[in-house]
Amino acid sequence: MPDPSTSSALLALLAWYRDMGVDHAVGNAPVDWLGRGDASAPAQESVARQAGQPPPPPTPRMPVSRDAPPARPAAPAPQFQVPTPDAALTAARDAARHARSMEELAAALVRFEGCTLKATAKNTCFFRGAAKARLMLIGEAPGRDEDLAGQPFVGRAGQLLDKMLAAIGLDEQRVHITNIVYWRPPGNRTPTPQEAQVCRPFLERQVELAEPELLVLLGGAAAKHVLEVADGIMRIRGKMRDLTIGKRRVRAIATLHPAYLLRTPAAKRLAWRDLLAVKAALEA
C-alpha cells in the first residue's frame with residue numbers, strides 16, 4: 001500500500017504542473033515537432049505513448065516550386081507627404097498672399113500640407129472671436145481640448161483667458177484669438193522654430209485681415225517668435241513695442257500665458273499689470 005504522505009506529495013506536484021500549464025507528458029527521446037508540421041502532434045504523441053502504440057507519421061509538407069513567382073510585398077501605408085522646408089515656406093507664402101478674406105485664409109490652411117504638425121492633429125485651429133477686432137491675442141499652440149474642438153483657447157487656459165479679458169471689460173466678440181501654429185504638437189510640446197516659421201505667412205496675413213491695433217503675445221514661445229527676440233518672457237513682458245506684421249503696423253505687448261498662471265497663481269499680479277496696460281492703450 002503506498003505511503004499516504006507520498007501520494008499527497010504526488011497529487012500536489014500534479015496540481016502544480018496543471019496550474020503551470022503542463023498539458024501532456026514528454027518522453028526521454030527528443031521529438032522534432034517542427035518536422036511533423038502538425039499543431040496537434042504533441043497531443044497525438046502523448047496519447048500514442050500512453051497506449052503503447054507507435055507515434056503517428058509526420059504530416060508531409062507541400063513541395064515548394066523553385067519556379068514559383070515571389071510573393072508580392074504588401075503595399076506600404078500612405079504617408080503624410082511633407083515638402084522640403086524651403087518649398088513649404090514658399091507654398092505657405094503663396095497661399096496666404098492670395099487669401100482675400102478670413103474664410104479664404106481658413107480654406108488655404110485646410111489645404112496646406114507643409115507643416116508636419118497637421119499629420120498628427122485632429123483639427124485645424126484657426127481663430128476664436130471676431131474676424132476683425134482692435135485687440136488680437138496670439139498664443140503658442142492648440143492643446144488637447146483645442147484640437148478636439150477645432151478652436152484655440154477653449155480649455156482651462158482659455159477659460160482663464162476669458163476671465164482675464166472680462167476683468168478689463170472685453171469678451172470673445174470684441175477680440176481675435178489665435179496661435180503661432182494652427183495644429184496641436186504631439187504631447188503638447190512647444191512648437192519648433194521650423195514649425196512656427198512655416199505657419200508665419202498665414203499668421204501675418206491673419207493680422208492684416210483682422211486689422212488689430214494692439215497685439216497681446218501670450219507666453220514666451222509666442223513672444224519670441226513674433227518679436228524675434230531670444231529673451232525670456234519675464235524680461236520682455238509688460239513693455240509696449242511698435243511692430244510691423246506683414247503690411248500692418250501695430251503695437252504689441254507680451255504677457256504670461258494663462259496656462260502658466262494656472263500653475264503659478266502668484267504670477268497673476270504681473271499679468272494683471274499687463275492687462276491694465278492693454279486697457280489703457282485701447283482707451284487712449
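Modeller: Strands (E, at least two residues) and helices (H or I, at least four) are DSSP runs, numbered from the N terminus. This is a predicted model, where local features need pLDDT of at least 70 and side-chain atom pairs count only at pLDDT 80 or more, while totals for chains, interfaces and linings use all residues. Residues are numbered from 1 along each chain as its sequence is written, and side-chain values use heavy atoms, with hydrogens and water left out.

The protein chain has twelve helices and six strands. Those six strands make an open sheet, ordered β1-β3-β2-β4-β6-β5, with mixed pairing. At the edges sit β1 (128–129) and β5, each pairing on one side only.

Four bridges tie β2 to β4, and the two run parallel; here Leu137 stands opposite Val216 in β4. Next, β4 (residues 214–218) is joined to β6 (residues 248–255) by five bridges, again in parallel. Val216 turns up here too, standing opposite Ile253 in β6. β5 and β6 form a hairpin with two residues between them, and Gly246 in the turn has a positive phi of about 65 degrees.

What lies across β2, β4 and β6? That's helix α12 (residues 268–283), running at about 155 degrees to β6. For such angles, axes are lines fitted to C-alpha atoms, for helices over the stretch in contact, and the angle runs from 0 to 180 degrees between N-to-C directions. Contact means heavy atoms within 4.5 Å.

For the wider setting, 71% of the chain's contacts with a separation of 6 or more are between residues 24 or more positions apart. Buried residues, meaning those under 20% relative accessible area with a 1.4 Å probe and protein chains only, make up 38% of the 284 residues in the protein chain.

Note on methods
Pairing = 2+ DSSP bridges. Buried < 20%, exposed > 50% of the residue type's maximum accessible area, 1.4 Å probe, protein only.
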